[in-house]
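Subject: Handover of a structure, with notes

Dear colleague,

Please read them with the model open beside you.

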Amino acid sequence: MSLELLLIIAFGGALFTYLVGKVSYKVRDFLAVVISLSLVTFVACLYGKSLEKTFYSGFFGLDLVLRLNMLSWFFAITITIIGALSIIFSLSYIKGREKTDFYFLMMLLVNAAMLGIVLAGDMVSFYIFWEIMSWSAFLLISYNKGPALAAGMKYIIMSIIGSVCFLVGMLSLYVSFDTLNISQIASVIGSASSGYILFILTAFGIAFGIKNAVLPFHTWLPDAHSEAPSPFSAVLSGILVRMGMYGFLLIFYVILGLKSFLGLGQGLYSFHYILAWIGAINIVIPTFIAMLQNDAKRLLAWHGVGQGGYMILGVALGTKLGVAGGTFHIVNHTSYIALLFLVVGAVEYRTGGIRDLNSLGGLIKKMPVTFVGALVGACGLIGVPLTNGFVSKWLIYKSLILEGYPFLAFAALIGTWGTILSLYKFLHNIFLGQLPEKYRDIQKSPISMQLPMIVLSLVILLFGILPGIPLKVINAIGISFGFESLNVGLWGITSETGVLNTVNIFAAVLIAAALVWLVFRSTAKSVPVAQEDSYAAGAHTPPDKYHYTAEFYNPLHRMIKPFLRDVIDEFYYWIASSVRSCAGILRRIYTGDVGNYVMYIILFLSLLIFVQMKWKVW
């Protein structure tokens, strides 16, 4: 299949689904699923192919190009799979709400735009698809109106700033090299000065950093995630935000090249080392902020910022293990964060929109499949062995240790500790503890919600037990960047300093589980006790008060509350307030009264006459 036809199906299918929805919502739902699954199939069939083709000539004298390589295929297959699963999940989640035709149009459109971004072979096409993605995301974030509109405005203002930076960088490249074809730029940019390369990295770094929610450009993400529909939150945090990481990989290792990127600066002042520290800061701070959140989606949103730090840290190291780990972490994060957002969506759906962690509990009995999805997703996010998150973090840790960066490795490890603390709270407060009386009759989530959660859970475990499947693709990407080939096997990876073999880990886990089972089987049989039959300090625990993790980290919150301020967010609000004040002053000057404008002209002319008479300026 040609790349043009693939994009025609993606964009045309979005519009056609919207029009069909005006006739029959059942046909619309079926068509949305068919189109999204078809895109998965078509992209999968393109595996291993390398294409580059001009699909339109004469766009202001420029050629618009589509191209496919292993990097673009890696992101394309991730986009289509997450998009398809989110569409399937949406069938029940969005049913009965307002503007459902519009919702499916935007969901399919944002997936089509992301597909266009990774297939773009020139900066103009990239920019056009980037803008379609940004504005479609804005409309989906604002879908629920009210506070969602404010969150959407915050997102789109930050996106516009990033787009302006992207445009400045793109125009500078065109003026300097007389081309916007990515392959041609990559072949000539090596002759540019280090100062110019730093300027290009800064311009595109801001654009991609805003989309990737890198500190200090992160402030839009928690609000956007908490207000967007949960199926779109899975897309937004899972892959849309990671379009920023695709941009970083493109500019660092495709356009600029390995040697130029690592050669920018020296020692502690090298660009990639500074970027690695930015990644480390992005791991630590957002992860512990997540621990203090009581809104389930805001908790996951802050982890989205923190996990992006691992990706930046790995990619910025510039080693074959580090880049492989950072790239692998992108697809791993896509699977487990999307799964966790779908879990929250299923809980919302059955509890009437409740996301407050202090108002839930005991849902494991009523929603067992959803609980298993939450448990697997949390283990992946933490990096528990036999999940995909463990493998990518292992690669990053090993690269940091081998390169002699103990403080960066310690920062990454602290991030894992914070993740454990916050996800313990997430799991217990939703699924464990005492089931509130108002949820006694709650039903399990529909099959259309369970299926995407089951698929993502299997992906997390599959890539954790057989990491060689994705690592084979990632190794091919690294070779295209100029790295030496990794020794990748189905069960793991071998390097000169040791072996990661998940079959050994798998066997050890099975043996340990068997021993634990034997121990419990050999002891006295347990006696079931009602959950309400519980006592604290000698007194019977009242109903609905068994949830001992409610406000679990409140003492810590009280201690650090005076320092717990998002100064970056406050700074942005100060800028907005200052601009509004200046606009208010200008509004008083430009009154619309012609008489006032005549007076301004007379005063200005008088000032010019006075200056001329006094100082003879001209």
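How closely do the axes of helix H17 (residues 388-402) and helix H18 (residues 406-431) come to each other, and at what angle do they cross? They come within 9 Å and cross at roughly 155 degrees, where axes are lines fitted to C-alpha atoms, for helices over the stretch in contact, and angles run from 0 to 180 degrees between N-to-C directions. H17 and H18 are therefore roughly antiparallel to each other, since angles over 145 degrees count as roughly antiparallel, under 35 as roughly parallel, 65 to 115 as roughly perpendicular and the rest as oblique. The crossing of H17 and H18 is left-handed, a term used if the near helix is turned anticlockwise from the far one by less than a right angle, with right-handed used if clockwise. Where the two helices meet, Lys-393, Tyr-397 and Leu-400 of H17 are in contact with Leu-408, Ala-409, Ala-412, Leu-413 and Thr-416 of H18, contact meaning heavy atoms within 4.5 Å. The helices named here (H or I, at least four residues), like strands (E, at least two), are DSSP runs numbered from the N terminus.

Before the rest, a word on the basis of these notes. This is a predicted model, in which local features need pLDDT of at least 70 and side-chain atom pairs count only at pLDDT 80 or more, while totals for chains, interfaces and linings use all residues. Residues are numbered from 1 along each chain as its sequence is written, and side-chain values use heavy atoms, with hydrogens and water left out.

Apart from neighbours within four places in sequence, Phe-426 touches Ala-296, Leu-299, Leu-300, Leu-340, Val-344, Leu-357 and Ala-374, all by the contact criterion. In soluble globular proteins, nonpolar side chains tend to be buried together.

Helix H9 is mostly covered, with 6 of its 8 residues buried, where buried means under 20% relative accessible area, exposed over 50% and partly exposed in between (1.4 Å probe, protein chains only). The buried residues of H9 are Trp-220, Leu-221, Pro-222, Ala-224, His-225 and Ser-226, and what covers them includes helix H5 (123-141), H6, H8, helix H10 (230-240), H14 and H15.

The structure also holds 9 salt bridges, each being a side-chain nitrogen of Lys or Arg within 4 Å of a carboxyl oxygen of Asp or Glu. One of them joins Lys-22 and Asp-101, whose closest N and O atoms are 3.8 Å apart. This pair links distant parts of the chain, 79 residues apart, with Lys-22 in the loop between helix H1 (3-21) and helix H2 (25-45) and Asp-101 in helix H4 (residues 100-119). Lys-22 counts as exposed, at 53% relative accessibility, whereas Asp-101 is buried, at 11%. Lys-22, Arg-28, Asp-29 and Asp-101 are linked in a network of salt bridges.

Another salt bridge joins Asp-223 and Arg-298, with closest N and O atoms 2.9 Å apart. Here too distant parts of the chain are linked, Asp-223 lying in helix H9 (residues 220-227) and Arg-298 in helix H14 (residues 296-317), 75 residues apart. Arg-298 counts as partly exposed, at 23% relative accessibility. The side chains of Arg-355 and Glu-348 meet in a further salt bridge (3.4 Å, N to O), and both of these residues are buried.

Finally, some backbone details. A cis peptide bond, with omega of about 5 degrees, joins Leu-215 and Pro-216, and Pro-216 lies in the loop between helix H8 (194-211) and H9. Although Lys-99 is not a glycine, it has a positive phi of about 55 degrees; Lys-99 lies in the loop between helix H3 (70-93) and H4. Asp-178, likewise not a glycine, has a positive phi of about 60 degrees and lies in the loop between helix H6 (147-177) and helix H7 (182-188).

With best wishes
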